Amino acid sequence: MLESAPLPRDFFARPVQVVARELLGKHCTMRCDSVLVVARIVETEAYQSDIDQASHAYRGRTQRNAPMFGAPAHLYVYRSYGIHHCMNVVTTHDGDPASAVLIRAMEALEGEPVLVERRRIHDHWALLRGPGNVCQALGIDLSYSGRDLLLGNPTFLDGSPPPEPVVVTTRIGISRSQDFPWRFYLAGNAAVSRRDRRAEAMTERA
DNA sequence: AGCAAGATTAGC
DNA sequence: CTAATCTTGCTA
């Protein structure tokens, strides 16, 4: 693999939709039990608190969502349905509403045996499919919430832009603000959690 | 202090 | 389609 540097804080200090889209194709490295895991981001969602009722920060700051109101390039992790964890990267910068990108799916590149062990499945494309599965595979829990990405582990690396077209569509699993087209994924990638054929058709035309 | 809801997932 | 499972945050 070619050398690549960690994404600088400035990368995240931009509008959350821009960051969500540009995060596609970027690599995420995570040291798990002294083993290096590398994965490629293939699906994300943007959450912008001021106009987004689906955002955990919509009703203001609380103990749980505090990281979303902090500096960019920090993690915001929360427990989902009492069983899973979901990982977000904070993009908020001075003067902007609290915002973060939910990492929904990745493609395993290195260290797959560790992921297989944690997930207890062998399907390569399902290892990191879905936000809850991403955290289970990488070993990310509540203790990671608020962590600065620039400290390393996990780390997001710069890299070449994704060769595949990007599909833009509406977000999944929310009951409010369902119409914002703030979900992004790499067309044709088998790790994507749920495909949107309609949006993919629009993508071909573009 | 009690309680309903939830950015999910796997299995029937 | 539904159960599983628990933390957060709102209401009394």
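How far is a sugar or linking oxygen of DNA strand C from an N or O atom in the side chain of Arg-64? In this predicted model, the separation is 3.4 Å, within the limit for a polar contact (a pair of N or O atoms within 3.5 Å; within protein, one must be able to donate a hydrogen and the other to accept it, and residues adjacent in sequence count only if both atoms are side-chain atoms). The model is predicted, with local features needing pLDDT of at least 70 and side-chain atom pairs pLDDT 80 or more, while totals for chains, interfaces and linings use all residues. Residues are numbered from 1 along each chain as its sequence is written, chains are lettered from A and ligands numbered from 1 in the order written, and side-chain values use heavy atoms, without hydrogens and water.

Around DNA strand C lie Thr-62, Gln-63, Arg-64, Arg-79, Tyr-81, Gly-82 and Ile-83, each with a heavy atom within 4 Å of the strand. Of the atoms of DNA strand C that come within 4 Å of the protein, 64% belong to sugar and phosphate. The backbone takes part too: a polar backbone atom of Tyr-81 is 2.3 Å from a base oxygen of DNA strand C, and one of Gly-82 is 3.4 Å from a sugar or linking oxygen.

Turning to Thr-91, this residue sits in the loop between strand E4 (84–90) and strand E5 (99–110), strands being DSSP runs of at least two residues, numbered from the N terminus. Thr-91 is buried, with a relative accessible area of 0% (buried means under 20%, with a 1.4 Å probe and protein chains only). Its side chain makes a polar contact of 2.9 Å with the side chain of Ser-99.

Conventions: Helices (H or I, at least four residues) and strands (E, at least two) are DSSP runs, numbered from the N terminus. Buried means under 20% relative accessible area, exposed over 50%, partly exposed in between (1.4 Å probe, protein chains only).
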